[in-house]
Each structure stands twice: as C-alpha cells, then as structure tokens.
Amino acid sequence: MSDSFWDARYGEPGFAYGDAPNDFLASVVDRLTPGPALCLAEGEGRNAVFLAERGFEVTAVDQSRVGLRKAEALAAQRGVKLRTVVADLAHYVPAAQAYHAVVLIWCHLPPSLRRTVHAAAVAALRPGGAVVLEAYSPAQLALGTGGPRSAELMFTLAELREDFAGIELAVAEEKQRHVHEGRYHDGPSAVVQVLGFRR
C-alpha cells in the first residue's frame, strides 16, 4: 500500500484499528524483557504506547507520517514517550543487536520483502531478545474481516518457521480467533502467531 493510502486511512477520525494493544502482544508482554523495543509498521501507535507504558523504550516505524503523528499524540495523552521514524520498510535497516523486542503486528509484505524484513528483525535482537508477530494467514481471504485482499501478502506458519529458523519459537500457531481492533479488523479471523527468542 502507498504512503497516500495509509495517510488517508490514518487521517480518518478516531483510530482505524483502535487504541488498545493487539491481543496477542498483550498476552505475551510479560514474557518480554523491558528495554529497547522496535515496532515495525506501527501505524497509529497503539502497540508502541502499550509497551512504553510498561517501561520499554520504544521506536515506532511506519511509512505514514500521519499515523505516527497520532502515535505521538496518543503517547503524550498516556504520559509516555516514543521515538518515531517515518520510513518504508523496503529501505529501513534497524541497528544490529539493539533491541530486547521487535514487534510486527499485521505487517503484511510481499514474500521477498517479508523475508528481508524478518531477517533484519532477527538481526536487530540482542541475545535473548524476542520477536512478536501476528498476521493474517491466507485462510483469511474466505472470512473477509480484515487484512490484505491478496494471499501473497499473507503468511503461513510454515513460511514463518523458515523466516525465523535461527530463533527459538516459544509460540508458533496458525488458528482462528475473534479479532476486534477498530473498524477495519472485526470478526472471526484466520491468523498466525509467533513468539520467538534469539539464542
């Protein structure tokens, strides 16, 4: 999706995907070590702010300047700070071994870019650091309750096992669950979830 698409979506009133954190991230946050955290494709900041409220030093990256302005406003409202970076993930390379956690929630990318971004996410982790990912699987197309309209932009668990072969997977599930995150993610959903730790 283009910058203009996301700027228009995030320019709508309210929060496109709500202002509460992703359920999967919230369910595993206690397994993460507070410290520097990187949120990729972070949009309006709900997950980054959630982590900042729990003592993480968060860098939020997104291609939409409009979305990140809302992230900064949400952080200020909640009394926490974020570092925001406007960047296309095709060109953004995080610092190596700089983060205790890298979060990729609904970060849907074409296969070649997906592999590159996931490899960069692993390289950005310190030993013992965690990657947290939730995305739609191709089965989501039949449900139509959110996410891309192309199976190419969705992930299977088998693909993610390959992407994250170098880390220890503590959670690796492909499942159906109810997602209620704003007006664009709402209803029964086919998802894949990963929590992995760098050795």
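Leu82 is found in the loop between helix H4 and strand S3; helices (H or I, at least four residues) and strands (E, at least two) are DSSP runs, numbered from the N terminus. The model described here is predicted: local features need pLDDT of at least 70, side-chain atom pairs count only at pLDDT 80 or more, and totals for chains, interfaces and linings use all residues. Residues are numbered from 1 along each chain as its sequence is written, and side-chain values use heavy atoms, with hydrogens and water left out.

Contact means heavy atoms within 4.5 Å. Leaving aside neighbours within four places in sequence, Leu82 is in contact with Ala48, Val49, Ala52, Val58, Ala71 and Ala75. The C-alpha atoms of Leu82 and Glu134 are separated by 22 Å, the two residues being 52 apart along the chain.

## Overall architecture

The protein has six helices and seven strands. Along the sequence these elements follow the pattern α-α-β-α-β-α-β-β-α-β-α-β-β. The C-alpha atoms fill a box of roughly 40 × 40 × 30 Å, taken along the principal axes. A compact globule of 199 residues would have a radius of gyration near 16 Å, and the 15 Å of the protein agrees with this; the radius is taken over C-alpha atoms, and the globule rule is 2.2 Å times the number of residues to the power 0.38.

Of the 199 residues, 52% count as buried. Buried means under 20% relative accessible area, exposed over 50%, and partly exposed in between (1.4 Å probe, protein chains only). The accessible surface comes to about 8,800 Å², of which 51% belongs to carbon and sulfur atoms; such areas come from the Shrake-Rupley method with a 1.4 Å probe, and for residues only the protein chains shown count as cover. Among contacts between residues at least 6 apart in sequence, 70% join residues at least 24 apart.

Strand S2 is mostly covered, with five of its six residues buried. Five bridges join S1 to S2, and these strands run parallel; two strands pair if DSSP finds at least two bridges between them. Within this pairing, Val58 in S2 is the bridge partner of Ala37. From S1 the chain crosses through helix H3 (residues 46–53) to S2, in a β-α-β crossover that is right-handed. A crossover is right-handed if, with the strands pointing away from the viewer, the path from the first strand over the helix to the second runs clockwise.

Strand S2 (residues 57–62) is also joined to S3, by four bridges, and the two run parallel. The chain passes from S2 through helix H4 (residues 65–78) to S3, and this β-α-β crossover is right-handed. Val61 stands opposite Val85 in S3, and Asp62 has Val86 in S3 as its bridge partner.

## Helix H5 and its cover

Helix H5 has 14 residues and reaches 20 Å from its first C-alpha to its last, close to the 20 Å expected at 1.5 Å a residue. The expected span of a helix is 1.5 Å times one less than its number of residues.

The buried residues in H5 are Leu113, Arg114, Val117, His118, Ala121, Val122 and Ala124. Their cover includes strand S1 (36–40), S4, strand S5 (125–136), helix H6 (157–163), strand S6 (167–181) and strand S7 (185–198).

## Loop residues

Most residues other than glycine have a negative phi. Gln97, which is not a glycine, has a positive phi of about 50°. Its place is in the loop between strand S3 (83–86) and strand S4 (99–105). With a relative accessible area of 42%, Gln97 is partly exposed. Trp106 has a positive phi of about 55° although it is not a glycine. Trp106 lies in the loop between S4 and helix H5 (111–124), and at 12% relative accessibility it counts as buried.

Pro34 is placed in the loop between helix H2 (23–28) and S1. Pro34 counts as partly exposed, at 49% relative accessibility. Not counting residues up to four places away in sequence, Pro34 touches Arg54, Gly55, Phe56 and His100.
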